[in-house]
Each structure stands twice: as C-alpha cells, then as structure tokens.
Amino acid sequence: MQNKAAIIVLAIALGLVSIYQLSFTGATYMVKKEARKYAQGDLVKETQYIDSISTLTEDQWSFLGYSFKECQKKEINLGLDLKGGMNVILEVSVEDILKALSNYNTDKTFTAALARAKQMQRQSQADYLTLFGQAFSETDPNAKLASIFGTIEMKEKINFNSTNQEVMNVLDEEVTAAISNAFNILRTRIDRFGVVQPNITQLATKGRILIELPGQTDPQRVRELLQGTANLEFWETYENGEIIGYLSAANNLLKEIQANSEKPDSPVAEQKAVTPADTTSEDQSLLDIIAKDTTQPAEAATREEFALQNPLFGVLSPRVTPEGQPLPSSMIGLASSKDTAEVNNMLRMNQVKALFPRDLIFMWSQNPYKYDPSKTLYELHAIKITTRDGRPPLDGDVITSARPSSGITGSEVKVDMSMNAEGAKIWARMTRENIDRCLAVVLDGYVRSYPRVQNEITGGNTEITGDFTIEEADDLANILKSGKLPAPARIMSDTIIGPTLGKEAISSGLISFIIAFIIVLLYMLFYYSRSAGTIADIALFANVFLLMGVSASLGAVLTLPGIAGIVLTIGMSIDSNVLIYERIREEMRAGKGIKLAIADGYKGALSAILDSNITTLLTGVILYVFGTGPIKGFATTLVIGIFTSLFSALFITRLIYEYLLKKNVKLSFSIKITANILKNVHIDFIGKRKIFYGLSIVLTLIGISSLFVRGLNPGIDFTGGRTYVVRFAEDVKTEDVAASLAVSFGEPPQVVTFGNNNQVRITTKYKIEETGVDDEIETALYEGLKGMAGPGVTKEIFLSENRVSSETVGPTIASDIKTKAIWAVSLSLIIIFLYIFMRFRNWQFGLGALVAIGHDVMIVIGIYSLLWGFLPFTMEIDQSFIAAILTVIGYSVNDSVVVFDRVREFLPLHRKRSPHEVLNLAMNDTLSRTLNTGMTSILVLIAMFFFGGATIRGFLFAMIIGIIVGTYSSIFIATAVVYDTSSKKGLKF
C-alpha cells in the first residue's frame, strides 16, 4: 500500500478534528439535558434556563475556553425540521427602488412597464430589472429611460443623451447597491434578534434573500421585524375640532350620492344595501359604542337606519363628547378593522376629497384603540403637510441612537431616541411652533404615537410611546438603529416548524437511523463472516463519525432529509465494501493467497467504486445547486458522505487489513451459507431481453395512462399555496376538517391524515396571490377549527400548540422551484451521459444508462400517479420528490456502471467470444454485488420508512420504489440496450 504513512496521518488528523468539533455538541447537549431536568416538561422554563446560561461569561461557564453562546455556534447545526423555527424567502421590491430612483415619476410608459414587468415575472426566471427593461422597450420602443431617471440625484450618472442601455447599466448598479444595503440591514437586525445559528443568504434571483431562524417560535414577531422598512416620520397634525366640520360635510355628500343611485340593483346601490348588514355583525364594535353612548339601548333596526342615513359616520365614529363637542386630539374617528378599507374608499372619492383642505392626509393607527376591549377599532388621524414636496419635515435618517426604556414605575414601555444636529434643529422648530398641538410619530405609514407638545424640545432627544411590550420596544429600537430598508421587503414564502414537531422529528430520525445502522451491521457480519464483516462495520462507524465531524466543521445544516442522506451514505459505503469483498472472493477462488487476493481485490474494485460514486456525486452537486432548505441539507450530507465513505472503504479498511496480515491473523470473507451464493450462475439475460422489454413497456404504458387519467398531485412547491399541519386532542375525520374550513376559506381545502389520525395536513390556495395577509389567514384557520380544537383553546394557544407546522409558497417562488426542478433533472441526465461516454468511450453505454434512467423515472412517476390518494401518507410532487428522483437516477447509474465496468474488463480478455456471451458473463459475474447492494439499501430505507416519521415517508417511498426498479433496470434493461444499439462487429474500447 503506497503512501501508507500519509494516509495514517490524514486519518488521525480527521479523527482529531472531528472529536474537537463534535465535543461542542456534547457540551451544549449536557446543558440542555440539565435544562430539561429543571423544567420538567415546561418549554418556557427550559428556554429561560438555557437563556440564563447563555448570558454567563467565560469566567462563569466555559468549555475549552468558549462561552455557552459560542459553543452553540459551533455545535452541529440542526435544520428547522429537527429544531423547529422559521424559514423565510424575502424579496426586496425592485419596483419600489425604481420608483424612488425616478423620483416617483408618473409617466404612462414608465408605470405601464412596471406593471408589465410584474406580470412577466410570474412566468420568467429573469430578475425584475431585466424584465422592466424589456417591458419598457415593448411598451414604447422610442421612449427614453433618461427622461425618466434623469433626476437631480442621478444627474452625475445619467444625462439626457444617455442611451437606454447606459441607463439600464446605471440602474443595475443602483439596484444592486440597494439590495446589498437591504441585505446588510436585515443581517444586522437578525444578529440583534438573538437567534443562535441564523442563516441569511442572497439567492441567485436578484432581490431575494433566504433567512433561516432555528428555534424561533414567534412568526408574527419575525414577520414584523423583517418586513418593517423602519420608515420613521414626524408630522404636524390638524386638531379634531378643525376637521369635524369637513367630516360632517363629507357624510352629507355621501348620503346624497347614495340617494341618487340610479337603480336599486346597481353596483353602488348593492354595496350600500349590504353595508347595514355588515355594520350590525357581532364584531362591529363601532356601532355597539354608538349604542352604548345613548340612554336607551339601540335596536338593530335603529343602527341599520343610522348607517343608511350616515354612510360615513355609520362606519367611522367621530370623536365627540356626549354633548357633541369635538375631543381635542389629532384622532378624528374610530373604525372597525373590517371597515377601514371602506372608509378609505369614501374619503378618496374625488367629490369628497375636494371638501377637505389640500394639505390634509389621513393615516390610521398602527395599534388598536387602547380603550376598546375587543381590540378591533383603529384610530384615524388628520396629518398636515407643511412642505412643498409633500414629504415629512423630519424623518428617521436623523436618528443616531435608539433604546427601549420604561417609566419611573416600570409600567410604561417606550423607545428613547437621539437625533443628529440637523434633526435636533428641525425638531426644536416643530415643537416650538406646535405647542398645545399634537405631533404624529409615523412608522411605515401608520401612526405609532401622537404626543401633545407642552413646550419646545431642544437637544434632539425624544421618545416613542404606544403601549409597547418589552419585545416590541426592543425590536423597534433594533430596527431604528439598523436603519431603514431602501424598499419594502415582502415575504414570498415561509415555513414554520413548531418545537414539538422538531423534537418528534429528531426522535423518529434517530430511531430510524439506529435501526437502519444495526440492520446493516448485522447483515455484513452474516454475509461476509465475523472477521471481514467486523472490519466493514468499523469502516461504517468511521464513515458516520467523520461525516458528522466534517459536517460540523463546515457548518453544514443537518435536516431530516439530511439524516436520510446519511443513511443512503451508509448504503453506498456498504456498496464499496461489497465490491471490494466480491473481488477478493473472486481472486481467492482463482487460487491466489489471501495477501495477494486482498491487494488485487482493492485494485480491481477501484474503477467500479470511483465510477459509481462519481455519478452519484454529480447528482448530489446538482441537488445542492438547485435545491433549497431541507433538499440542500440532503445534498450536503450526500456529497460529504461520498468522500467520507470512499476514505473509509478504500483506506481505513485497507490499513486494518495491512495490520492484521502482518500479525498473521486468519481472515475469511464468507461463511458456508453465503460462500457460493449466485456464483456459477449462467442466466441468458441478453437472450431473454425481449421479455423484459415487453414487461417494462407494459408498466410504462400503465403509468402514462394513469398520468392522462388521474394526473399527479403537485405540491405547493410547484403550484403555490399554503399548508398547515394541525394536531387535535382526539381523532378527526378529514372530510369534517375540510367542511369546517370551507366556510373560512370560501372553498374546501385539501385535507389528508398526516401520521396519526389526530393530525392532518391542510393545503389551500386561499389568498395566495396576496401579501401581508398571514394574520388574516391564521385567524380564518383558527375560526374554522376552533370547534374541533377543544374548549378554552384561544388563537394564541392554537397557533403555538395545535398548529405544529406551516408553509407558504407564493406563485413566483413556485414557478422558480418548478423551473429549477426541470433544470436539475435535465442537467443530471446530460452530465451522466457525458461522464459515461467519456469513461467508456462508447455512446452505446451512455444511451443504455439514459434509457434505464428514463425507464426508472417513468415507472416511479407512474406509481405515484396510480396510488396518490389511496396510501395513508403524502404523495405530492414537490422538492423532496425531485430529490428522490435524482437520487434514484444516481443509484440506477451506479448499478449500471458496475456492470459496464465489468464488460469493459471482460472484452479484452474474451476477444473470441461474441458480445452476447461477454455481456451475459459480465451480468452474471456482478449479480451477487447488484443484489447485495440493493438488499442493504432497501432494508435501510424500509427501516427509515416505518420509523422515520410522516414528514419524509413520501420521499422514502419514492426511494424504495426507485431502488427496486433501478436494480431491475440495471440487470435487464441497460446492458440489453447497449447490445441492441451496438454494431454487428461488436463493442470496442
């Protein structure tokens, strides 16, 4: 064995590095174990215990000189499906960046191009800026971008003579800079959020950012933190008494418009006709307040009559005393959350708008009215424009610091801010000119507070109040310190995994892994004897140990599909050992001594081992490039596992054999039962190929027919939509769940049992085209299912305990995923064909492998088409299914390559034999290896299937079917195609 010393040094170095990296996971595990013991099942106490340890300094708690928080960053990085947490894909709005760069130009060609680009984005993989350039040229080929973007701010880069391409180049630089700025701001916010091992990455599509927050259990807080632009503004206001007269005039005008409706069944009349019914609904707190302000309880009819006669005041309660005097404030009215849109529509009507002062704009409060117990009423404020350009006189750019604080009693939480010199000067002027009037503090277009000025404030210090919680104040201070985003960031897709489901996934994943591992260990001991089997098992232990150590060193994320990748790696490691052992057995049967047989066995198996692993490596790399989330985790462990399994099988086992041979230890590679299994078989595979062609054609046609009749069940990864996994205290029927949600969602969602009978998976496309409606959807979900959730279950309890996971994929992201899946499969096929063509220098071998792959993929897809809806687990066509297909492709090629490698070896040795005989000889000779590898892989996957949990059961089912079919095609299809496409002169290398 050459370079023996170097290999020993490398093995020791890898082992020590792995021990070092994994030791941090052991240290943090002990702390978490103590936390669980202390908490006695209380998740809040457990979290508080761990948080308290995290705040300790190195002097108070340390491991190898690292604090607990630093150790957490170095431990094995668990994915969201194992740890719980939130995965978000954000898109920074390039459309809003372009609008800002144009100084909000209202040119018709420009606005039409923006809308057209947004529409084109749904069907294209190009970024928004590129599509905007195309749309602008299509809308008006003669239009010049320089006339749109030649603003004062851009005059140094764009002049009137700049070509459209030159302007696009400048815009690309500006947009890239803005997105990079947004990325840095978001990363700062995440770092200050306190999440351990967060991941924030810019995706290939310009403007899209992937954020993973393990262990985060408050999705609403995350959404507000990520989507808030932190656009802080300070405005002067009108007093309520100055506006109440205008509101009264608007109410009278709307009453006239309503009375003059042409037909009772006209759209306008219909809208007004249903308004009274809406305003008397149970959650319409506004009219209830009106009723409470009277001495006699108002009847429903009275409230309806009031709303009919007062269109505006029927949905907007004016702020007046019982005597009718306006209350002093910038707040001019209250409206229910469901009526704010209607109020906006009324006040934006041209006739109504003309009644009010031109420098007046209306803004809603961010939080509900604090004296409303139902928390459904929002305040409407009168904002006064005092600048020529309509912008606020002071904004958040002047803020130099922000911090949360509390009042003297500790009851009022607020955010204290400091301004720079310019901001302090403007703030002093604003407070001086508005004594005894309100100034509105506006955040992201909503009024956060409206303090009444008592005297001039100098020095640039001020505060924001508004019934904050400690977390809200901390987040707001964080956002203000990080800076405002250059454009809104919208959530395109998100996945939420509850901590309970994460713990169950770890448990089921570990159980399935241990069972699969034990099965493989016992199988190797049984088939290859105790001596050779033990060495193979040592290689397996080394493989898993190195894989985990290297993964921890590289910061790779371990997901549930990642555990499946590890298990698959075990199967591949066994495959390498099987190839070596089968070769050694052949050499020993040829009469060679044990030492020479081992040396020649390793040498003879090397080519097949490398070819089979490289083809799987290629599919793993493609998966990593095109996959996201859990699929990328699967690809990561698969790729790392290929290298560690090769090192373990080729070098560690060889070192052990070298040592044992020096000690003259007796070695054996089989027991009596297995010594001659599948040896001296003479099956005429080539002669019977037409029978198997016919069988494969029939199976493929059945699958294709099912595709036309039943189709497939595409998941939200490809169609867009929302899924929720909901757990109930008792068993439920899927049809009852669907019927209950049909009322909330407007149509019945797809509901399937997910694992146990008390857990369901709900899929819907309800409002998937809309953004910022997550809270509304969650409310609808709760309202539809609260009758089944049990007594006393509030919305908060339902979302934190009953909803164990959720996923939202927008249509644009779904289109991207679908396109990436097509690219991944296509590139896999092309790369594998090219690799086999180069390795075997014969296109027939590449074609044989491609036909076998196509055969396997079509049968797996056909079975999914036939059986979805009948089997008790999810059989959706999603990213996991594509990962399974790509793995099956790698496995199928792996099997075929081993046979092809033996054909390549036999052709020069048996020149006088016909291709028919040589191909048969090669297939019979490798039959033991093919079935051995297939058997171990299937046993491993079956263990995972039954014990690995419901999350990956569909993925594993595709893998099991794929490996069975892949084993079949490598024996009966791939080599037969090589034979039928070869010339009569035979194969040549």
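Which residues gather in a patch of negative charge on the surface? Asp-218, Glu-224, Glu-471 and Asp-474 do. The legends below describe a predicted model.

**View 1. A patch of negative charge on the surface.** Four acidic residues make up this patch: Asp-218, Glu-224, Glu-471 and Asp-474. Asp-474 lies in helix 18, which spans residues 470-482. Its relative accessible area is 35%. Asp-474 is therefore partly exposed, as this class runs between the 20% and 50% limits.

**View 2. The salt bridge of Arg-452 and Glu-239.** Across the whole structure, a search finds 26 salt bridges. In this one, the closest N and O atoms of Arg-452 and Glu-239 are 3.3 Å apart. Glu-239 has a relative accessible area of 12%, so Glu-239 is buried.

**View 3. The salt bridge of Arg-689 and Asp-980.** Here the closest N and O atoms are 2.9 Å apart. This pair, too, links distant parts of the chain, 291 residues apart. Arg-689 belongs to helix 23 (residues 689-709). Asp-980 belongs to helix 34 (residues 974-981). Arg-689 is buried, because its relative accessible area of 14% is under 20%. Asp-980, at 37% relative accessibility, counts as partly exposed.

**View 4. The salt bridge of Lys-767 and Glu-776.** How far apart are the closest N and O atoms of this pair? They are 2.3 Å apart. Lys-767 is partly exposed, with a relative accessible area of 26%. Glu-776 is also partly exposed, and its relative accessible area is 37%. Side chains of opposite charge can pair when their charged atoms come close.

**View 5. A network of salt bridges.** Five residues are joined here into one network: Arg-583, Glu-586, Arg-902, Glu-905 and Asp-925. The salt bridges in this network share partners.

Conventions
Residues are numbered from 1 along each chain as its sequence is written. This is a predicted model: local features need pLDDT of at least 70, side-chain atom pairs count only at pLDDT 80 or more; totals for chains, interfaces and linings use all residues. Side-chain values use heavy atoms; hydrogens and water are left out. Patches are made of residues with over 30% relative accessible area and no salt bridge: like charges are joined within 9 Å, nonpolar side chains (Val, Leu, Ile, Met, Phe, Trp, Tyr) within 5 Å. Accessible areas come from the Shrake-Rupley method with a 1.4 Å probe; for residues, only the protein chains shown count as cover. A salt bridge is a side-chain nitrogen of Lys or Arg within 4 Å of a carboxyl oxygen of Asp or Glu. Lys and Arg count as positive and Asp and Glu as negative; His and the chain ends are not counted. The place of a charge is taken as NZ of Lys, CZ of Arg, CG of Asp or CD of Glu. Helices (H or I, at least four residues) and strands (E, at least two) are DSSP runs, numbered from the N terminus. Buried means under 20% relative accessible area, exposed over 50%, partly exposed in between (1.4 Å probe, protein chains only).
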